[in-house]
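Let's take a friendly tour of a protein model. Have the sequence and the 3D view ready, and follow along one feature at a time.

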Amino acid sequence: MLLIRDTVLGGLLLALSLPSTVVGHSWVEQLTVIAPNGTFVGAPGYPRGNIQRSASGFSDTEMTYLIPPNGRANQSQILPTDKMCKDSQRTAKQTEGSPRLQASAGAAIALRFQENGHVTLPNTQPGKPKNRGTVYVYGTTEPKEDENLLDVHRVWNRDGTGGDRRGVLLSKQNFDDGRCYQINNGDISEHRQAKFPHVADQTMGADLWCQQDIALPSNAPSGKPYTLYWVWDWPTAPGATAELLNGKQEIYTTCMDVDIVDNGDATSTTTHSHVKAGAADYVEGQPLDKASIPSQFAEIVDSRPAASESGKSVLCAATPATALSKPASKTTFLTIYKTIYPSATPTPR
């Protein structure tokens with residue numbers, strides 16, 4: 001069931017509801033703090049070098065970053081020199097109107113992205129994983145401008161001992177969060193539209209975006225950005241098509257930063273908001289437009305990452321390999337968020 005707020009938006013959504021195909025790939029579009037009840041709170045943050053979809057002449061290629069790049073003779077070859085970040089995302093620079101997310105150390109946050117038919121129209125690309133690929137989030141207090149993908153991806157681990165030990169694997173989830181959809185006539189989309197209805201809004205339109213819910217390290221240093229690398233591993237199996245007898249590597253990344261806010265700042269000015277709960281308890285039945293994924297939320301509440309004394313990230317508790325079936329309801333934690341609209345000049349590290 002699709003709920004429409006007004007006739008102007010309704011006209012737009014009518015066009016969006018027509019049959020569609022996979023026309024683009026995905027990237028993290030927004031980051032949002034999650035309150036202890038599982039609801040999004042505060043103003044969102046954005047990736048480095050973000051370009052809004054509403055910008056004149058916008059094209060998906062302005063925000064997508066593919067590894068290996070199109071045109072490489074061996075489509076399964078990832079080189080040691082392939083960079084983690086798109087050229088426009090290699091430094092901690094924000095564009096006007098797309099500020100960084102402000103959050104406290106240990107905050108739960110959602111990374112939101114569109115499925116663009118990769119979930120709801122699975123037969124358009126043969127040989128793809130049933131989970132629609134795997135998404136990883138890595139975190140570090142020591143990012144490099146020339147960060148190489150292979151120095152981080154599948155090297156940094158949950159306890160912070162992988163590779164050069166500059167960072168940690170914060171999350172590993174299916175690309176398909178189990179409820180996201182693009183409006184189209186596919187069976188999956190129509191089933192999810194009925195099962196997970198939501199009010200169309202200016203951000204998502206009629207679609208329901210996917211998300212990856214993570215916890216920031218609980219003692220990440222305040223007063224500086226904490227860097228996140230989102231990696232979507234989306235390979236094609238060997239022999240899926242006559243042209244891809246050896247398969248194909250297909251990886252997309254988004255690079256972003258979160259300004260870590262000192263807990264003491266929470267009551268200093270009206271630009272700060274303070275969310276505190278004696279027990280984390282996911283509220284069932286809340287609007288899906290602003291709700292985290294229950295199983296992912298339960299997982300991060302039970303296992304919150306921390307940073308080591310050296311500033312490198314480690315986990316203070318083991319994170320389950322799979323999401324829990326029931327949300328946590330007895331875990332005490334504090335979430336603080338703040339939104340600042342900076343200039344295009346990056347914050348000094």
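Four strands come together in an open sheet, ordered 3-2-6-10, with antiparallel pairing. Strand 3 (40-45) and strand 10 (210-215) stand at the edges with a single partner strand each, so one side of each has no neighbour in the sheet. From one strand to the next, the twist averages 30°. Keep in mind as you look that this is a predicted model.

Now zoom in on one pairing. Strand 6 (residues 108-113) and strand 10 are joined in the antiparallel sense over six bridges. Here you can find Ala 108 opposite Ala 215 in strand 10.

## Two disulfides

A disulfide is a covalent bond between the sulfur atoms of two cysteines.

One joins Cys 85 to Cys 255, with an S to S distance of 2.0 Å. Cys 85 sits in the loop between strand 4 (66-67) and strand 5 (101-104), while Cys 255 is in strand 12 (residues 251-261), 170 residues apart. With -100° about the S-S bond, this link is left-handed.

The other joins Cys 180 to Cys 210, S to S 2.1 Å. Its 65° about the S-S bond makes the link right-handed. Both Cys 180 and Cys 210 are buried.

## A buried asparagine

Is Asn 184 buried or exposed? Its relative accessibility is 2%, so Asn 184 counts as buried. Asn 184 lies in the loop between strand 8 (167-174) and helix 3 (187-195). Its side chain makes a polar contact with the side chain of Gln 182 at 3.0 Å, and the side chain of Asn 184 also reaches the backbone nitrogen of Gly 186 at 2.9 Å.

Terms used: Residues are numbered from 1 along each chain as its sequence is written. This is a predicted model: local features need pLDDT of at least 70, side-chain atom pairs count only at pLDDT 80 or more; totals for chains, interfaces and linings use all residues. Side-chain values use heavy atoms; hydrogens and water are left out. Two strands pair if DSSP finds at least two bridges between them. Helices (H or I, at least four residues) and strands (E, at least two) are DSSP runs, numbered from the N terminus. Axes are lines fitted to C-alpha atoms, for helices over the stretch in contact, and angles run from 0 to 180 degrees between N-to-C directions. Buried means under 20% relative accessible area, exposed over 50%, partly exposed in between (1.4 Å probe, protein chains only). A polar contact is a pair of N or O atoms within 3.5 Å; within protein, one must be able to donate a hydrogen and the other to accept it, and residues adjacent in sequence count only if both atoms are side-chain atoms. A disulfide is a pair of cysteine sulfur atoms within 2.5 Å.
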